[in-house]
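Let's take a walk through a protein model together.

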Amino acid sequence: MMGNIEIRRAAAADAAAIAELEREIFPDAWSEDTVLSYIDSAFVATLDGETVAYLILRLIAPEGEIYRIAVSGRHRRQGIARELFSFAVSAERTRGLESLYLEVREKNAPARALYDSLGFRECGLRRGYYKNPDDNAIIMVYDDENTCI
């Protein structure tokens with residue numbers, strides 16, 4: 001990694017940069033207003049002052065769900081997602097997090113490989129869950145018991 005990476009909880013001032021990354025990465029990008037509505041559940045990674053990644057994790061203790069995790073295309077494969085995930089999990093464990101869920105496109109092999117490497121395990125399938133393009137959702141869980149509800 002080049003430069004100086006900082007990972008922290010997001011603030012309202014980060015919403016525009018997160019929304020910009022949304023548009024870069026996702027075909028179903030969230031608007032800035034939607035991002036703002038989840039800002040209290042968000043974490044950002046900045047590199048030399050530029051927002052290069054974010055994670056939105058909703059916690060309803062003891063369970064959490066990752067709604068979004070994304071890294072700018074030019075900053076992928078540098079360990080930023082892993083650092084961001086570790087920071088967010090550590091922060092949310094202090095608030096009661098015990099198990100964490102997410103859904104990922106079945107055809108998104110890079111994301112699935114990342115989640116596998118982080119310790120997530122597949123625990124379910126939602127057929128036809130995603131649109132634009134159509135895809136199934138793999139439900140994954142991260143916890144000490146490796147269970148799925």
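Predicted model: local features only at pLDDT ≥ 70, side-chain atom pairs only at ≥ 80, totals over all residues.

Residues are numbered from 1 along each chain as its sequence is written, and side-chain values use heavy atoms, with hydrogens and water left out.

Let's stay with Asp48 for a moment. Asp48 is in the loop between S2 and S3. Names such as these come from DSSP runs, numbered from the N terminus: helices (H or I) have at least four residues and strands (E) at least two. The phi of Asp48 is near 50 degrees, a positive value in a residue other than glycine. Most residues other than glycine have a negative phi, and most peptide bonds are trans. Asn132, in the loop between S6 and S7, also has a positive phi, of about 60 degrees, although it is not a glycine. Asn132 counts as partly exposed because its relative accessibility is 49%. A cis peptide bond joins Asn132 to Pro133, with omega at about -5 degrees. Another cis peptide bond links Ala61 and Pro62, where omega is about 10 degrees; Pro62 is in the loop between S3 and S4.

Now let's go inside. In soluble globular proteins, nonpolar side chains tend to be buried together. A nonpolar core is a set of buried Ala, Val, Leu, Ile, Met, Phe, Trp, Tyr and Cys residues joined through side-chain atoms within 4.5 Å. The largest one here has 30 residues, and those with the most contacts inside it are Leu55, Ile66, Phe85, Leu100, Tyr115 and Phe120. Elements that give two or more residues to this core include strand S3 (50-60), helix H3 (80-93) and helix H4 (109-118). Helix H3 supplies the largest share of this core, seven residues. A second, separate core has 13 residues, among them Ile18, Ala19, Val35 and Ile56.

Which residues is Tyr115 in contact with, leaving aside its neighbours within four places in sequence? Counting heavy atoms within 4.5 Å as a contact, the partners of Tyr115 are Ile69, Leu102, Val104, Phe120 and Met140. Tyr115 also belongs to one aromatic cluster with Phe85, Phe120 and Tyr142. Rings of Phe, Tyr and Trp (its six-membered ring) pair if their centres lie within 6.5 Å; planes under 30 degrees apart count as stacked, over 60 as edge-to-face and the rest as tilted. The whole structure has eight aromatic pairs. Tyr130 is buried because its relative accessible area is 15%, whereas Tyr129 is partly exposed at 41%.

A polar contact of 2.9 Å joins the side chains of Glu103 and Tyr129. Such a contact is a pair of N or O atoms within 3.5 Å; within protein, one must be able to donate a hydrogen and the other to accept it, and residues adjacent in sequence count only if both atoms are side-chain atoms. At 19% relative accessibility, Glu103 counts as buried.

Finally, let's look at charges. A salt bridge is a side-chain nitrogen of Lys or Arg within 4 Å of a carboxyl oxygen of Asp or Glu, and a search of the whole structure finds nine. Glu22 and Arg68 form one of them, with their closest N and O atoms 2.8 Å apart. This pair links distant parts of the chain, as Glu22 in helix H1 (residues 15-25) and Arg68 in strand S4 are 46 residues apart. Are Glu22 and Arg68 buried or exposed? Both are buried. Arg68 also lies over the face of Phe26, at 4.1 Å from the ring centre; for this, NZ of Lys or CZ of Arg must be within 6 Å of the ring centre and within 35 degrees of the ring normal. Elsewhere, salt bridges link Glu6, Arg8 and Asp14 in a network.

Notes: Buried < 20%, exposed > 50% of the residue type's maximum accessible area, 1.4 Å probe, protein only.
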